[in-house]
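Colleague: I would like to learn how to read a protein model. Could we take a few features in turn?

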Amino acid sequence: MTQFKEKANFLWSIADLLRGHYKQADYGKVILPLTVLRRLDIVLEPTKKKVLDAYTEHKTKKPEVLEPILNNVAKAKFHNRSKYDFSELAKDADHLAANFRNYIKGYSLSAIEIIDYFSLEDQIKKLEEYDLLYLVVKKFAEAGDMFRGVSSLEMGYIFEELIRKFAELSNETAGEHFTPREVIKLMVNLLFINDKEILTNKGIVRTLYDPACGTGGMLSVAEEFLHDLNPDAKLEVFGQEMNPESFAICKSDMLIKGQNPSNIKFGNTFTQDGLTEEKFDYMLSNPPFGVDWKKSEKLIKEEAAKKGWDGRFGAGLPAISDGSLLFLQHMVSKMKRKDGGSRLAIVFNGSPLFSGAAGSGPSDIRKWIIENDMLEAIVALPDQLFYNTGISTYIWIVTDHKPKNRKGKVQLINATGGDLEDKDNPFYAKMLRSLGNKRKEIHEEAISKITKLYGGFRENESCKIFDNEDFGYHRITVERPKLDETGKPMFDKKGKPLADSDLRDFENIPLKENIESYFQREVIPHVSDAWIDHEKTKVGYEINFTKYFYKYKPLRSLAEIRRDILALEKETQGMIGEVIES
């Protein structure tokens with residue numbers, strides 16, 4: 001696993017052949033599809049001769065009959081019936097373009113559908129025009145050993161490291177494509193922890209969905225977790241992705257692992273929901289941080305207006321600048337509700353915790369999630385975990401079937417601080433070498449600790465448990481009278497005092513507090529003649545994570561400060577003289 005970066009760097013080095021003929025931002029259009037093809041080629045290598053023999057025997061049969069026969073011989077959900085593989089292609093430079101096209105056409109339909117998303121024919125023409133096709137194919141042919149024995153997990157790392165590099169060259173947001181595997185592992189632990197007893201039953205089948213699946217990292221880790229827990233269990237994975245290259249990589253991975261690649265859909269989840277009627281047992285996602293939904297605005301607003309609660313966005317719409325909470329609502333719409341219910345884990349930045357005042361879209365979405373008792377827990381993660389950003393992130397656990405002891409409660413876990421040498425707070429370790437903005441890792445010990453904190457459901461310094469209502473508040477509008485020129489209050493025709501909009505103020509009163517008692521205690525002593533306009537009162541929800549885990553640090557004493565200053569003066573004595581003399 002530690003060699004994935006070296007392997008990615010080798011594949012990246014092949015892109016040097018394209019220098020001068022391709023823009024750097026377009027290198028990935030060649031390297032990524034050829035990496036996929038070489039991986040497929042290696043997977044089929046042990047059965048290649050048998051497939052060719054079977055093809056000779058059965059080639060007159062109809063495609064719908066021939067395909068499953070050859071797949072069965074290949075011991076995979078795909079095959080290649082061309083006489084060529086990468087080793088053979090590299091032996092004939094003069095006819096490489098024609099042979100390469102023959103090789104691609106030799107794949108089964110399930111594989112060709114994936115390859116088509118790379119628009120590889122365009123690249124074959126370009127490479128041929130620049131006399132680069134043979135050089136590039138030969139490099140990939142020579143790299144066969146690099147692909148042998150590589151697990152799907154390691155291959156995922158390799159693809160994502162390549163995508164990160166290509167995205168940096170094209171000024172794209174690399175973090176939209178992938179999530180560090182240790183973060184996914186933690187999410188999977190939290191997702192499955194309460195169901196471990198059920199998941200160990202023989203022949204158990206469960207479904208898992210990621211609406212922004214990228215190259216399929218979350219799906220792969222979840223599948224491996226369940227297989228390790230119960231080899232007899234089956235996890236059917238589903239996903240959707242709008243980036244063509246990531247989508248094709250994800251589908252190819254599903255194909256190799258024996259999953260159904262048709263479960264992975266292409267397109268924008270919000271405007272082209274490819275799994276409209278499906279419901280899932282589990283869901284995982286790391287939607288892009290702070291990415292706007294401007295391009296989908298028209299269709300999303302139409303769905304919200306026309307379908308309301310019968311659609312996906314009945315609770316409200318977030319600010320156009322951040323679509324994170326749209327993903328949450330979309331995933332909740334995929335919950336089973338009955339038949340055992342569903343659980344989901346999603347990664348957010350800090351904005352969904354508190355953005356938007358009472359009555360705004362974000363606040364109303366939080367209100368809907370919490371008042372319907374779906375928010376089970378939030379875990380605050382260390383910063384600098386992700387490749388493209390150093391910001392703090394949070395895992396939300398949402399479910400429509402809370403266990404009895406969690407009903408009406410929300411668990412907050414603060415796993416932000418301390419490295420593994422800090423025995424009081426071991427939640428991360430610093431990396432020896434950074435990857436982009438990623439400078440920290442959640443190691444196995446930290447994953448175990450966070451999982452135990454979650455499963456234990458007991459309060460301590462790193463874990464707080466709240467009632468749902470603790471996050472809610474009444475936003476009251478405090479009015480003060482409008483005064484005439486003589487300084488006396490003005491009234492309307494019904495004898496009610498007129499409010500001065502310039503003096504209008506607002507107060508957030510916790511839901512558990514009596515509004516009138518709070519008003520008399522906290523407001524009236526400071527602004528007499530004020531009143532509440534109850535018609536404008538709104539209920540809002542926010543989760544002020546920092547406040548709940550704030551630890552007061554006393555200021556240093558004057559004696560300590562004085563001692564440090566004197567020590568500094570003593571240390572610097574004579575330095576100024578030395579500078580002047582020099």
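Colleague: Is Gln384 buried, partly exposed or exposed?

Modeller: This is a predicted model, and every value here is computed from it. A residue counts as buried under 20% relative accessible area and as exposed over 50%, with partly exposed in between. Gln384 has a relative accessible area of 23%, so Gln384 is partly exposed.

Colleague: Where does Gln384 lie?

Modeller: Gln384 is in the loop that runs between β6 and β7, the latter being residues 394–399. The backbone of Gln384 also deserves a look: its phi is positive, about 60°, although Gln384 is not a glycine.

Colleague: Which residue other than glycine has a phi near 55°?

Modeller: That is Asp373, and the value is again positive. Asp373 sits in the loop between α19 (361–371) and β6 (375–380).

Colleague: Now a proline. Is Pro287 buried or exposed?

Modeller: Apply the cut-off for buried, under 20%. Pro287 has a relative accessibility of 1%, and therefore counts as buried. Pro287 belongs to the loop between β4 (282–285) and α16 (297–307).

Colleague: What is Pro287 in contact with, leaving aside its neighbours within four places in sequence?

Modeller: With those neighbours set aside, the contacts of Pro287 are Phe327, Ile346, Val347 and Phe348. Distance along the chain and distance in space are separate things to read. Pro287 and Cys213 are 74 residues apart in sequence, yet their C-alpha atoms are 8.7 Å apart in space.

Colleague: How many of the contacts in the whole protein join residues 24 or more positions apart?

Modeller: Among contacts with a separation of 6 or more, 75% are between residues 24 or more positions apart.

Colleague: Next, helix pairs. At what angle do the axes of α6 and α8 cross?

Modeller: Two numbers describe such a pair: how near the axes come and the angle between them. The axes of α6 (residues 96–105) and α8 (residues 120–129) come within 11 Å and cross at roughly 165°. Angles over 145 degrees count as roughly antiparallel, so α6 is roughly antiparallel to α8. The crossing of this pair, α6 with α8, is right-handed.

Colleague: Which residues of α6 and α8 meet?

Modeller: From α6 there are Ala97, Phe100, Arg101 and Ile104, and from α8 there are Leu120, Glu121, Ile124, Lys125 and Glu128. Sorted by class, this contact of α6 with α8 has 5 nonpolar and 4 charged residues, and no polar ones.

Colleague: How is α2 placed against α9?

Modeller: The axes of α2 (residues 28–44) and α9 (residues 133–142) come within 11 Å and cross at roughly 40°. That angle makes α2 oblique to α9. The handedness of the crossing of α2 and α9 is right-handed. On the α2 side the contact is made by Val30, Ile31, Leu34, Thr35 and Arg38, and on the α9 side by Val136, Phe140 and Ala141. By class, the contact of α2 with α9 has 6 nonpolar, 1 polar and 1 charged residues.

Colleague: To finish, what does the protein as a whole contain, and what does it span?

Modeller: The protein has 24 helices and 15 strands. Its C-alpha trace spans about 100 × 80 × 50 Å along the principal axes. Of its 582 residues, 50% count as buried. The accessible surface of the protein is about 29,100 Å², and 49% of that surface belongs to carbon and sulfur atoms.

Key:
Residues are numbered from 1 along each chain as its sequence is written. This is a predicted model: local features need pLDDT of at least 70, side-chain atom pairs count only at pLDDT 80 or more; totals for chains, interfaces and linings use all residues. Side-chain values use heavy atoms; hydrogens and water are left out. Axes are lines fitted to C-alpha atoms, for helices over the stretch in contact, and angles run from 0 to 180 degrees between N-to-C directions. Helices (H or I, at least four residues) and strands (E, at least two) are DSSP runs, numbered from the N terminus. Angles under 35 degrees count as roughly parallel, over 145 as roughly antiparallel, 65 to 115 as roughly perpendicular and the rest as oblique. A crossing is left-handed if the near helix is turned anticlockwise from the far one by less than a right angle, and right-handed if clockwise. Contact means heavy atoms within 4.5 Å. Ala, Val, Leu, Ile, Met, Phe, Trp, Tyr, Cys and Pro count as nonpolar, Asp, Glu, Lys and Arg as charged, and the others, Gly among them, as polar. Buried means under 20% relative accessible area, exposed over 50%, partly exposed in between (1.4 Å probe, protein chains only). Accessible areas come from the Shrake-Rupley method with a 1.4 Å probe; for residues, only the protein chains shown count as cover.
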